[in-house]
Protein chains: 2
Amino acid sequence: MRPINFGAGPSALPDSVLQEACKGLLDFKGTGIGVAEISHRSKEFTSLVAELENNIRSQLDVPPTHKIIFTQGGGTGQFSAVVLNMLARHRLLYPDLSDEQRVMDYVITGSWSKKAAEEARRVGGGASVHVAVDARKDSKPFDGIPAHKDFSFSADPALIYYCENETVDGVQFSNNPDSPASFPFHLLSEGRKGLLPLVGDHSSSFMSRKIPHLADHAVIFAGAQKNIGPAGLTILIVRQDCVVDVDAAAKLGAAPVPITMSFKAIADAGSLYNTPSTLPLYIASLVLERSKGLGGVEYFEIINGKKAGKVYAALKEGEEKGVFRSKVREGSGSWMNVVFDVLGDNAESKFLASAESQGMKALKGHRSVGGIRISLYNAITEEQTDKVVAYMKEFIAQNS
Amino acid sequence: MRPINFGAGPSALPDSVLQEACKGLLDFKGTGIGVAEISHRSKEFTSLVAELENNIRSQLDVPPTHKIIFTQGGGTGQFSAVVLNMLARHRLLYPDLSDEQRVMDYVITGSWSKKAAEEARRVGGGASVHVAVDARKDSKPFDGIPAHKDFSFSADPALIYYCENETVDGVQFSNNPDSPASFPFHLLSEGRKGLLPLVGDHSSSFMSRKIPHLADHAVIFAGAQKNIGPAGLTILIVRQDCVVDVDAAAKLGAAPVPITMSFKAIADAGSLYNTPSTLPLYIASLVLERSKGLGGVEYFEIINGKKAGKVYAALKEGEEKGVFRSKVREGSGSWMNVVFDVLGDNAESKFLASAESQGMKALKGHRSVGGIRISLYNAITEEQTDKVVAYMKEFIAQNS
């Protein structure tokens, strides 16, 4: 039996998918040619891309107003691409504004949204970044979703950016609209004209549960390497008014957009403008085909909720007994990445070493924040979660 | 036995590598965790990246003046990235020039260099593209390397761009410096001050033979999906003076560079600025480890020269007998992609169908130029080449 990989990404993939992938490496769809060797323009491969798109569309209820496209470069590539494409769109909508009058709103709830805002400042030209909210006060670590009253959005920004799940900090927006940790969608529509320029980084929660207000988004993007496949594949869901002619925008003064970052170039070519990352696309297609068989995102939403519930319950027990300390305020905890400290001298090393000896790997927190991080992506089963929960409880019993 | 895949890319990989990759998918270096699942920051994975770099460095004799870095986005991504980074370098070298005074030289010998020049016009801002030579005259197809006297280079361009092997058109610079189809390196050094800003797209010949004047290059880039691995991995060899602070250049007026396209951001992070395409990196490392065992690039240079020699001899025989017509002038023919027409009604379909029935696949030329294309990348053995040569001769005998 393979060890359990609780890593935060790249992360665990289902054994059955890996075994199937082995076959495909040598013989893809009976062609005798491996999937990494076959032309991306072959009918076998283009049908794979179509199947993958259909699987995402049907499982997430993506409406026909939105295109699903595939590219490379990860979430970090999109930090730049969303800025360039959304500023081009803004330029086409409002050609007469000066650069200084263009604003990009950033909701900062953790390390990744902070990094995205920094990139917007780098590549946004004269446009400014308005921090709609910053969850980090007085240089303390990120520890939760701010109250709705603390958010302030601009009147007509080029984009409104948020990160749905902060992998490093273990902070996630709640999917319960009544929770104070939910995303304040209601604040966005107040007195606003036109379509929302809402951009969501869903890299580390994509396909783990339904996406609230999906249809209101301008762009949702995700690296594949958490829930649905290997690194090297980026998925984009883009509303059609955001698939803009970036060259026309450039003639009006917008920054030129590298062709591999142009949503329109990729979309017009059915995600085959240039050679895509074929092997990650293939494995993602296997993962999502398997997911469909299990009941799709709805199935994973139930399972993932249960998994997170069990781990947070054990964490709470540990907190009450003075063994653990959560890094995140109650209600804002991520379903995907549960982060906490183990209290006491050498206790963290002990926790990690003993877990490793029992076949539970990659539980170390991100190097920037330390501590423990238990990642519970789709490929982690309920049984595997029970094992780490039992281990946490045993650790509590021995150390409290 | 698997069919022989003569496709132009993604293309054939050695069976032994694919079988090894199957093991790695489930258990990478004895960790029990698969290579697509393990953290890119684990010691097992970072050592893989180091080994891959060492393998390229030693096999190609890359001097310590040059960094080897890995990224995503393919050759097409580099069409933009080389322009942005090299214009930033030019800005830092000559901050007082106006945009109009900045020139980028493009050597156009086929579809890919033509496309690269178009991208330079898109993202080059006010800088202009100077066509150093255009091998296509009077809208005829690309059919060879122009004479050295037809090249004209600018005095101090931001970059001098060429594509070493044109996959679509089957045109390649000769590696024999005495050939009229060699790259005119001697014209570049005449009266030039400073380091050469020479940029080579080596996507479809990388690791197939030694690179002439490698040390004189500013940047050499290559998508992996021809000779060394699956699509989704891009290799860069960058001279250190071209790893520039793009943000400092932007302050002087250069265009901002998306962070995933900044050579400096990638190089400073040892190619791990963000999550790389781990699975393609892994397979490339297996391919190059195997290559090393066979004798490295020197081995492949000999074999590839022999393979190409046999195919071109058969093509010539077919030309003499009125059965085939080469698309490329003698001396300019690519070792990697041999392109020709089959003369006569339905003769091309017959050639393809009969080859397919004998287990030789993907011989159809690129959709833009038609005809036949035999790709002879490293994974195609001499025996497999002999098989297609025997088939060509048989076809000639039956149809002349």
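Leaving out residues up to four places away in sequence, A:Pro3 touches A:Gly359, A:Lys361, B:Thr31, B:Gly32 and B:Ile33, where contact means heavy atoms within 4.5 Å. The model is a predicted one, so to speak of local features takes pLDDT of at least 70, and side-chain atom pairs count only at pLDDT 80 or more, while totals for chains, interfaces and linings use all residues. Residues are numbered from 1 along each chain as its sequence is written, chains are lettered from A and ligands numbered from 1 in the order in which they are written, and side-chain values use heavy atoms, with hydrogens and water left out.

Back to A:Pro3: this residue sits in the segment before strand 1 (4–5) of chain A. Helices (H or I, at least four residues) and strands (E, at least two) are DSSP runs, numbered from the N terminus. With 21% relative accessibility, A:Pro3 comes out as partly exposed; the scale runs from buried (under 20% relative accessible area) through partly exposed to exposed (over 50%), using a 1.4 Å probe and protein chains only. A:Pro3 and A:Ser357 lie 354 residues apart in sequence, yet their C-alpha atoms are 9.7 Å apart in space.

Two other residues show what a buried strand position looks like here. A:Thr71 belongs to strand 2 (residues 66–71) of chain A and counts as buried at 13% relative accessibility. Its contacts, again not counting residues up to four places away in sequence, are A:Gln78, A:Gly232, A:Leu233, A:Thr234, A:Leu236, A:Thr260 and A:Ile266. Over in chain B, B:Tyr161 is part of strand 5 (residues 159–163) and is buried, at 0% relative accessibility. From B:Tyr161 to B:Asp105 is 56 residues in sequence but 6.1 Å in space, C-alpha to C-alpha. B:Asp105 is also among the contacts of B:Tyr161 beyond four places in sequence, together with B:Phe79, B:Val82, B:Tyr106, B:Val107, B:Ser113, B:Ala116, B:Val199, B:Asp201 and B:Phe221.

On to helix packing. Two packed helices are described by the angle between their axes and the distance between the axes. Axes here are lines fitted to C-alpha atoms, for helices over the stretch in contact, with angles running from 0 to 180 degrees between N-to-C directions. In chain A, the axes of helix 3 (residues 74–93) and helix 4 (residues 111–123) come within 9 Å and cross at roughly 50 degrees. Helix 3 of chain A and helix 4 of chain A are therefore oblique to each other; angles under 35 degrees count as roughly parallel, over 145 as roughly antiparallel, 65 to 115 as roughly perpendicular and the rest as oblique. On the helix 3 side of chain A, the contact uses A:Thr76, A:Phe79, A:Ser80, A:Val83 and A:Leu84, and on the helix 4 side A:Trp112, A:Lys115, A:Ala116, A:Glu119, A:Ala120 and A:Val123. Sorted by class, this contact between helix 3 and helix 4 of chain A has 7 nonpolar, 2 polar and 2 charged residues (Ala, Val, Leu, Ile, Met, Phe, Trp, Tyr, Cys and Pro count as nonpolar, Asp, Glu, Lys and Arg as charged, and the others, Gly among them, as polar).

Chain B supplies another pair: the axes of helix 8 (residues 278–294) and helix 9 (residues 296–320) of chain B come within 7 Å and cross at roughly 75 degrees. That puts helix 8 of chain B roughly perpendicular to helix 9 of chain B. B:Arg290, B:Ser291, B:Lys292 and B:Leu294 of helix 8 meet B:Gly296, B:Tyr299 and B:Phe300 of helix 9 in this chain B contact.

Over all chains, the structure holds 53 salt bridges, each a side-chain nitrogen of Lys or Arg within 4 Å of a carboxyl oxygen of Asp or Glu. One of them joins the side chains of A:Glu164 and A:Arg209 (3.3 Å, N to O), linking distant parts of the chain, 45 residues apart. A:Glu164 is buried at 6% relative accessibility, and A:Arg209 is buried with a relative accessible area of 4%.

The side chains of B:Arg122 and A:Asp247 also meet in a salt bridge (2.9 Å, N to O). B:Arg122 lies in helix 4 (residues 111–123) of chain B and A:Asp247 in helix 6 (residues 246–251) of chain A, so this pair joins two chains. A:Asp247 is partly exposed, at a relative accessible area of 33%. Finally, A:Lys306, A:Lys310, A:Glu382 and A:Asp386 are linked in a network of salt bridges.
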